[in-house]
Amino acid sequence: MQETAGVLTVRALKHAALCLVFLPRFLLAALMLWLLDFLCIRRKVLLKMREQGSSRDDPPVCVSDSNKMFTMESLRAVWYGQKLDFFKSAHLGCIAPNTEVVQLKDRRRVRVLDYVKGRRPLILNFGSCSCPPFMTRLAAFQRVASQYADIADSLLVYIEEAHPSDGWVSSDAPYQIPKHCCLEDRLKAAQLMHSEVPGSNVVVDNMDNSSNAAYGAYFERLYILRDERVVYQGARGPEGYRISELRNWLAQYRNDLENSRTVVVHV
C-alpha cells in the first residue's frame, strides 16, 4: 500500500510540474484560438500574415470562416502537441532517435535510420492528410527534395491525424479522415498522401506513435539527419513549418560541399 501511495504521489507531482511548465504558453495559445473565433480578428491576422510575405514554398495559412478554433478538441490538440514537443528526445546536434516505422509498399517494419545512405543528409517530413498547411506545402516539399536529390535523401513520415473528422475537424483539409484505430487505417491514409506525391518515399508511424513522440512532430515538422545526428530541426507547425528554411539549409550545404571539393593550388 505504501509503495502504491508513493507511486501515486510521484505521479501527482510529475503532473503538477508539467502543468506549471505548460500552463503559461497553453493559456496564451488558448487565448489566441478564442480571439481567432471572432471573424474580424481572424481576417485581420490572416491578412497581416500575407502582408508579411509568403513565398512559393510557404503559401499563407488559410482558415475558413466556418472553422471553429476554440473548442475542447482544439484545446486537447494544442496541449498534446506542446507536451510532445517538451518531452521529445530529438534535439539539434544530438543523436537522432532511431524509431520504428512501417513501409507503405510491403508493410515491413523498419527504422528511420535505415533510410540513411552513407553520409548523405536525410530529410524527415512529418505530417498527415488532414493538416491543411502540410498538404498545401507538400508539392513544394517534393520540388525541393527533387532539386537537391543529388546531395540528400528524403522520407515522408505519416503520423496521427492533425484534424481528424471525429476530433478537431478542419473544413480546409483536403481529406476528412477519422482518428486511426489500427495500423490499417494509417496505411490507407498514407496511401492518399502518396498519391499526391508519387515517387516519394513514404512510411507510417507505428500505432504507439513512437516517431511522433520522439521528434515532437505533431501537427507537422521538418528535420534533417546526418551522421545519425539531428543537424536541422524545424519549429512546430503550423507557424514554424517552413519549406523555405529547408531549401536554405540544403542550398548552404551544397555550397559547403562544392567549396570543400575546390582545391586551390599556389604556384
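Mentor: Let's start with terms: helices (H or I, at least four residues) and strands (E, at least two) are DSSP runs, numbered from the N terminus. This is a predicted model, in which local features need pLDDT of at least 70 and side-chain atom pairs count only at pLDDT 80 or more, while totals for chains, interfaces and linings use all residues. Residues are numbered from 1 along each chain as its sequence is written, and side-chain values use heavy atoms, with hydrogens and water left out.

Trainee: Then where does asparagine 209 lie?

Mentor: Look in the loop between β5 (202–205) and α7. Asparagine 209 has a positive phi of about 55°, although it is not a glycine.

Trainee: Why is strand β6 called largely enclosed?

Mentor: Count its residues: five of the six in 221–226 are buried, so the rest of the structure largely encloses β6.

Trainee: Which strands are joined to β6 by bridges?

Mentor: Two strands pair if DSSP finds at least two bridges between them. Strand β3 (residues 122–127) has five bridges to β6, and the two run antiparallel. Strand β7 (residues 229–233) has four bridges to β6, again antiparallel. To see these pairings in the model, find phenylalanine 126 opposite arginine 221 in β6, then isoleucine 224 opposite tyrosine 232 in β7. The hairpin of β6 and β7 has two residues between the strands, and aspartate 227 there takes a positive phi near 55°.

Trainee: What is the omega of the peptide bond from tyrosine 218 to phenylalanine 219?

Mentor: Omega is near 5°, and the bond is cis. Phenylalanine 219 sits in the loop between α7 (210–215) and β6. A cis bond also runs from glycine 237 to proline 238, with omega near 10°. Proline 238 belongs to the loop between β7 and α8 (243–261).

Trainee: How do you know that the span of helix α6 agrees with its number of residues?

Mentor: The expected span is 1.5 Å times one less than the number of residues. For the 14 residues of α6 (residues 183–196) that gives 20 Å, and the end C-alpha atoms are 20 Å apart, so the two agree.

Trainee: How do you know that the radius of gyration of the protein chain agrees with a compact globule?

Mentor: The globule rule is 2.2 Å times the number of residues to the power 0.38, and the radius is taken over C-alpha atoms. With 267 residues the rule gives a value near 18 Å; the protein chain has 20 Å, which agrees. The C-alpha trace spans about 75 × 55 × 40 Å along its principal axes, and buried residues make up 45% of the 267.

How values were computed:
Buried < 20%, exposed > 50% of the residue type's maximum accessible area, 1.4 Å probe, protein only.
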